[in-house]
Amino acid sequence: MSPRSWLAVASADHVRIGRAQGFMQVCHGKAAPLHRLPPGDRVAYYSPTETFRGNDRLQTFTAIGIVTAGVPYQVDVGGGFRPFRRDVQWAEAREAPIRPLLGQLGFAREGQSLGQKSWGYQLRFGLFEVTNADMQIIADAMGAVL
């Protein structure tokens, strides 16, 4: 089976922590979404904001990489919060705004053709599969080689 491509959603400040430490975390630390990503799958992060729960709109792709071997694991980050994470080999990449890519990205066009008012409709799910063609568009915009 060939690798699949995924888009995850989180604030840029959270993505940068994961990028620096080699992991991803989605949907407020839930394990189930991470089990859908086998090793070798590609993942990119979209950050609607700079900070968690912030009003500081960013709308930028902030990380891109490949899921590594292993399974989701739980960590204790304090305060009773024990999120699940998955290890990722993050690629060297620059952050890239989404707006210049909207006309090219299939997931954005698909949402609008289904009558959804916003190109960002699917982003509310926190993690969803995208086509390999969409992932390549994102990688190219970020200057990343996967």
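Modeller: A helix is a DSSP run of H or I with at least four residues, a strand is a run of E with at least two, and both are numbered from the N terminus. Helix H4 covers residues 132–142, and Gly143, with a positive phi near 70 degrees, follows H4. The model is predicted: local features need pLDDT of at least 70 and side-chain atom pairs pLDDT 80 or more, while totals for chains, interfaces and linings use all residues. Residues are numbered from 1 along each chain as its sequence is written, and side-chain values use heavy atoms, without hydrogens and water.

Biologist: Why is Leu101 called buried?

Modeller: Buried means under 20% relative accessible area, exposed over 50%, and partly exposed in between (1.4 Å probe, protein chains only). Leu101 has a relative accessible area of 8%, so Leu101 falls under 20% and is buried. This residue sits in the loop between E7 and H3.

Biologist: Which residues does Leu101 touch, not counting those up to four places away in sequence?

Modeller: They are Phe61, Ile137 and Ala141; a contact means heavy atoms within 4.5 Å. From C-alpha to C-alpha, Leu101 and Ile137 are 7.8 Å apart in space, although 36 residues separate them in sequence. Ile137 is itself buried in H4, as are Asp134, Met135, Ile138, Ala139 and Met142.

Biologist: What makes a group of residues a nonpolar core?

Modeller: Its members are buried Ala, Val, Leu, Ile, Met, Phe, Trp, Tyr and Cys residues, joined through side-chain atoms within 4.5 Å. The largest such core here has 24 residues, and Leu7, Phe61, Ile64 and Leu105 have the most contacts inside it. At least two residues come from each of strands E1 (5–9), E3 (42–49), E4 (57–67) and E8 (127–130), and from each of helices H3 (106–113) and H4. H4 gives the largest share, five residues. Apart from this core lies another, of 16 residues, including Trp6, Met24, Leu34 and Val43.

Biologist: Which residues does Leu7 touch, again not counting those up to four places away in sequence?

Modeller: Among them are Ala44, Tyr45, Tyr46, Phe61, Phe107, Leu127, Phe128 and Ile138.

Biologist: How do you know that Arg4 and Glu129 form a salt bridge?

Modeller: A salt bridge needs a side-chain nitrogen of Lys or Arg within 4 Å of a carboxyl oxygen of Asp or Glu. The closest N and O atoms of Arg4 and Glu129 are 3.3 Å apart, so the pair meets that limit. Arg4 lies in the segment before E1 and Glu129 in strand E8, so the bridge ties together parts 125 residues apart in sequence.

Biologist: Why does Glu129 count as partly exposed?

Modeller: Its relative accessibility is 42%, which means that Glu129 lies between the limits of 20% and 50%. Arg4, at 25%, is partly exposed as well.

Biologist: What makes Arg16, Arg19, Glu50 and Glu95 a network?

Modeller: These residues are linked by salt bridges. Glu50 pairs with Arg16, the closest N and O atoms being 2.2 Å apart. Glu50 is in the loop between E3 and E4 and Arg16 in helix H1 (residues 12–21), so this pair ties together parts 34 residues apart in sequence. Arg19 forms a salt bridge with Glu95, with 3.8 Å between the closest N and O atoms. Arg19 is in helix H1, and Glu95 is in the loop between strand E6 (84–90) and strand E7 (96–97), 76 residues away.

Biologist: How many salt bridges does the structure hold?

Modeller: It holds four salt bridges.
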